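Colleague: I'd like to learn how to read the sheets and the chain interface in this one. Can you walk me through it?

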Amino acid sequence: MAIAHGEKILKYLEENGKANSLRLSELWNEDHQKIVGTVKSLLCLGDVIEAELHSTVKWDLTEEGKQVTTHGSHEAQVYNAIPPSGSTQTEIMTQASILNAGFTKDMAKVGFSKAMSLGWIAVDKSSGAPKFIQKVSSIQDVVQEHLKELASGKNMLTNELRTEYKKRKLIQEIIVKSYEMKPGSSFSTSVTKQETDLTPEMITSGSWKTKEFKAYNLNALGTPVPRGHLHPLMKVRAEFRQIFLEMGFTEMPTNNYVESSFWNFDALFQPQQHPARDAHDTFFLADPATASDIPTDYMERVKNVHSHGGYGSQGYGYDWKVEEAKKNLLRTHTTAVSARMLYALAQGGFKPAKYFSIDRVFRNETLDATHLAEFHQIEGVIADYGLTLGNLIGVLYEFFRKLGIEKLRFKPAYNPYTEPSMEIFSYHPGLKKWVEIGNSGIFRPEMLLPMGLPEDVSVLAWGLSLERPTMIKYGYDNIRDLVGPKVNMQMVADNPLCRLDKHRGTEIKEPDYLQELDIRMDSILTRLRGIENEVSKLKKKDKGSPEKLTLVIEADPNYPPLSVQTLIRILMASRNAPVSVTIHQHSSLKKACSADLMQWAKSTISNVSRVDNLFNLTWIWKPVGPRPVAKVVNHYNGDICGETAVARLLARILESWTDCAFYENYDLNTTAEIDDWLDMWENCIQSGDPNFVVLINHIYNRLNCSDGRKWLTGVLPGTKSLADVFLSTVLGHKLNSDRAKEWLSRCNSF
Amino acid sequence: MPTISINRDLLFSALGKCYSEEEFDELCFKFGIELDEVTSDKLIILKEQGTERSEGASEEVIYKIDIPANRYDLLCLEGLVQGLQVFLGETGFPPFKVIPSQTVPQRLIVKSSTCSIRPYAVAAVLRNIHFDQNTFNSFIDLQDKLHQNLCRKRSLVAIGTHDLDTVQGPFYYEALSPDSIKFQPLNQTKEFTASQLMDLYATDSHLRHYLPIIKDSPVYPVIKDSNGVVLSMPPIINGEHSKITLKTRNVFIECTATDLTKASIVLDTLVCMFSRYCQDQFTVEICEIETSQGGIKNYPILKTRQEKIDVNKINRMVGINEQADKVADLLTRMCLTATVAGNGCLSVTIPPTRHDIIHACDVYEDVAIAFGYNNIEKTLPSTNTIAAQFPLNKLSDQLRDQLAQAGFTEALTFSLCSKEDISDKLRKPLSSIPAVHVSNPKTLEFQVARSTLLPGLLKTIAANRKLPLPLKFFEVSDVVLKDRQRDVGARNCRKLCLVYYNKSPGFELVHGLLDRLMQLLEIPLDPTGTTGYSLKACDDATFFPGRCAHVVFAGATVGVLGVLHPEVVTSFDLNLPCSALELNVEPFL
């Protein structure tokens, strides 16, 4: 069927060059929807035809209206049902429904009232019960005539009648969608049914050779592939693990979360009163509460070095208690394992070694967006004869180079078990400052010698957390979004590869998530700006013409609001539209205004009525003091007081008229900067700094900086904004630095 | 790391030089301290209490500086300035001296009653001192900093300072019952007994933290003069009577302690920092301490130590190559006055302010700092080693890859959880679980170390119910179990756990994955269970009856799989069938 129609349409197109679906439906007396269906199936064939969708509005009869065309209007039907002698309402209604079975009570009600008001019928109460009688001998059923005309395709109805009939539900507005067609680039008059896909039968029978196949929609997305994923933190762990392995480090067995205080603290020469050993910072265990077995000789040596010193040390000079050392805890660092490894290394006859580990550690800390009670510590350890601090620095450079970090700096620090100790800083190009990325040092002899390591063996070590670089790498600002059962697993699925060294060279990606946040914030703001632009464009489209504005401003001649005047001039110049400005002086003024005060602005057109003007300004000089008052007629509620507030209002109007960025059309940051400048000016006024010393200094500082800044606000070199126009106008005469003067001349050339 | 607040203008005037913020920050970095924040009283009050309260507060710039925890000598303006000036080579290190009393030395008699509560006391006198408001404030601040850090919130050491001219030695340090101690404490207008003071200060935001140090003891420590005037009740409060003021000329300092070494360090630090304001600069008058055993010891010790340090060893440790005299200069700049002593050795003087120097390695570090960490040539160690992975981690990672390839997604959950998570919610009594219990958890979430990975995965499902079904998660990680064989009484156990959550239980799918894992591990199916692996039906309260089996490998149970019990499902706020497998990884190594 569709195909047959399709060929018919194609043939028609071949003969006529173009076709309209509505026209065809009339021509072939076919339902329009069927034709439309055929057109759509033709469109699926590719470029056989081109079709454009048109929608037209058409008035058509409702079911009720159709009835009127055959049986007459409701009032006519009522009239016709009345016998010459008259009859009761019930009888008439019965009679009417005999004449027309479709005549309902509601229709009858309408019929009675219409017939009455037309004066066709009347009520006769002379014989007791009220009877309806025909008042006129004949009627002309205009309604029926109108509807018949409409049905025949003529549309002569006046707007009033159309509205009335629509209200009476006799006619309705329908939207007709039709296709306007013409032959496409691969036009042909024969159509074959297209197959959706290859089937096994087609392959067996070879019928694929003669079939045509429907084109794929390559713009749609494919079906998601079922798949599994590794966790992002574990991917970063794998990367760090790989780096250590590349550098020849052996992985330590860190699968022991429960540790004794001895290995976690005492072995590391961390005194028993050290704050880290407080219950506030460390998880101690209730069960198993204590460790049973600590190597006796070694423990004795540790005890001695703590309480009395030895190995060249003064010791801490306190009463070391074995009970404290036996307290079990959840290890606070993997260095506890390093201590066990170094002890084992000493027992088995020392050989140089390089160890690493990446595993969980526990801190009884207050939790926040970047801290959890457990996290992963990355640790590297090198033990060899004659290692130096220079070696540690060298190794750290190589290690961080593999992470794509090239610029390092080291700060002296304190750590109970390393001496020297160094905090590792890397330069952050985004923040333009050095940020801490890890800790490092050389283990103290008081830690190593009691283990039995040879005296000339040094042990270098460094550590950092795994979570922090991961949060930086993937841009998390809350660690709970990364670790723990609340993690959104879709995030895990969507997470990219971990290639820490990808940003090498000039575009080093430094580990500070602040910058990541900055970048995300920027991209969000950019998108917001885009949306704002769209919205304002749509608004404008909607409006067609800019909003008209009628404004009354009261200002004191002793404090002429220069910025407001400048902005009004700019507004007037911004659109070549009729503007009317009238300037008055109020009777309460003690002395008359000078001529230039009275003529500071000129109307562009004065012979047009105020109603059609785009902008009407009534300016009244009045002793209002330093804060001018603006009233927007028919617009806002309340007065707008103060020069900055009026300036902001005018800036907004300017933006709405011209679509330029001047104040709030800038991004949020710039807008906030502009507000800051205006607020500073306002503060000067309020805090009684009549000379604007602070503000002027700010302007100098801003402009005198040798960073090429041209305007007060916006990213370098800045963009001209309300702040520039406002401050240059109100403070221009007070500024005298060279750069400020350059700025003033820039400001004046709007 | 302690943070001190220093008035910038006072600091610069003491240093005799104005720095820009960047310059000072740079100096701090090199010296090993950190300029943490630049603020003012006004800004601080503004931030904490709002605009109104900040009206009228001082706008003078305050530098907040982080000091390494072992540098007690830098905790006040006086010490910081001295350290920096010496570091910059602008001044030498002053010679501190203990001088005898011109009459009879002050004596503090320690009674044996203190042994049970706070057995040690030391003392010293600063003679003819002259305070102004700034130095007086600094004196008080330093005591506070020492109390918070070295004194471990007064538990190890408590400092009391008194106007010597208001009291009469000798002084007695004893421990008395709380009701027999009665005096007018600092800043109060009437007398209180010690018991009353405990109540009075129970709500004091500052002092209440120190009450527990002595509160439950039958006797409280107290220091009185020979007339019975109470100087202090350490570690809580001093007496009003002997309060020091700007007009005080002679200061009696006592430190009571549970750690004598620390008490001596505190006393040394305090007198070294403030003896500069004495008429006879850098001198401290001796005090005699009669110990509870009856012997007499003199304080402050102010010991200056001499160490012989091998220059070659310094060069070797730091990785530099400097001449002895140059190294001596570097050390002198760190307040460790050093001279070349021959034989390639330096004679290094460790002053009483540098109690942090306890080993030659501390001296090496100061050389490195003075030389500049960032001036040290970076070299690579020649240590040649062959890397190796920890076999258990290697196997775990290989299995993780395979599970992800099988379409499961990795979760990463916490090692700590609530007792309920591993017991009630899994329908098992807590007593049956060899779990490790934390004694001081701050929240319920940290009560125990997990004994199974299942609760974490079920919580992960609960948090991800909005994702399209089926949910397929896994985790390969450690659980912790009590184990008496281990020195600490517990061990980690590497587990592999996976869950399948869908409208149908999917037992066969989880079973299939187990088969796949065994295939990867080259372990054959062996229903006899002696060499390969097999499944044995079992009862496990966590699983639905008749829908649960043990995984048996080489004769031992190494895991369990099955359909979770509906009550387990609902206790984790879930409502669909769920299958799970938990396997011990270690037997497959």
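Modeller: Start with the open sheet of five strands in chain A, ordered β19-β20-β18-β21-β22 with mixed pairing. Two strands pair if DSSP finds at least two bridges between them, and the names come from DSSP runs numbered from the N terminus: helices are H or I with at least four residues, strands are E with at least two. This is a predicted model, in which local features need pLDDT of at least 70 and side-chain atom pairs count only at pLDDT 80 or more, while totals for chains, interfaces and linings use all residues. Residues are numbered from 1 along each chain as its sequence is written, chains are lettered from A and ligands numbered from 1 in the order written, and side-chain values use heavy atoms, leaving out hydrogens and water.

Colleague: Which strands of chain A stand at the edges of that sheet?

Modeller: β19 (579–585) and β22 (640–641) of chain A; each has a single partner strand, so one side of each is left without a neighbour in the sheet. Strand β21 (residues 629–632) of chain A runs antiparallel to β22(A), joined by two bridges, and there Ala630(A) sits opposite Ile640(A).

Colleague: And which β strands does helix α21 of chain A lie across?

Modeller: Helix α21 (residues 562–574) of chain A lies across β18 (549–555), β19 and β20 (615–621) of chain A, at about 160 degrees to β20(A). Axes are lines fitted to C-alpha atoms, for helices over the stretch in contact, with angles from 0 to 180 degrees between N-to-C directions; contact means heavy atoms within 4.5 Å. Helix α23 (residues 643–658) of chain A also packs on the sheet, touching β18, β20, β21 and β22 of chain A.

Colleague: Now the interface. What is the area buried between chain A and chain B?

Modeller: The size of an interface is often given as the accessible area lost when the parts come together. The probe is 1.4 Å and the loss is summed over both parts. Here that comes to about 8000 Å², with carbon and sulfur atoms giving 57%. In residues, 105 of chain A are in contact with 94 of chain B.

Colleague: How many salt bridges are there across the interface of chain A and chain B?

Modeller: The rule wants a side-chain nitrogen of Lys or Arg within 4 Å of a carboxyl oxygen of Asp or Glu, and it finds nine across this interface. Arg237(A) forms a salt bridge with Asp397(B), the closest N and O atoms being 3.3 Å apart.

Colleague: Which strands pair between chain A and chain B?

Modeller: Strand β10 (residues 285–287) of chain A pairs antiparallel with strand β23 (residues 437–438) of chain B over two bridges. Leu285(A) has Val438(B) as its bridge partner.

Note on methods: Buried area is the accessible area (1.4 Å probe) that two parts lose on being put together, summed over both.
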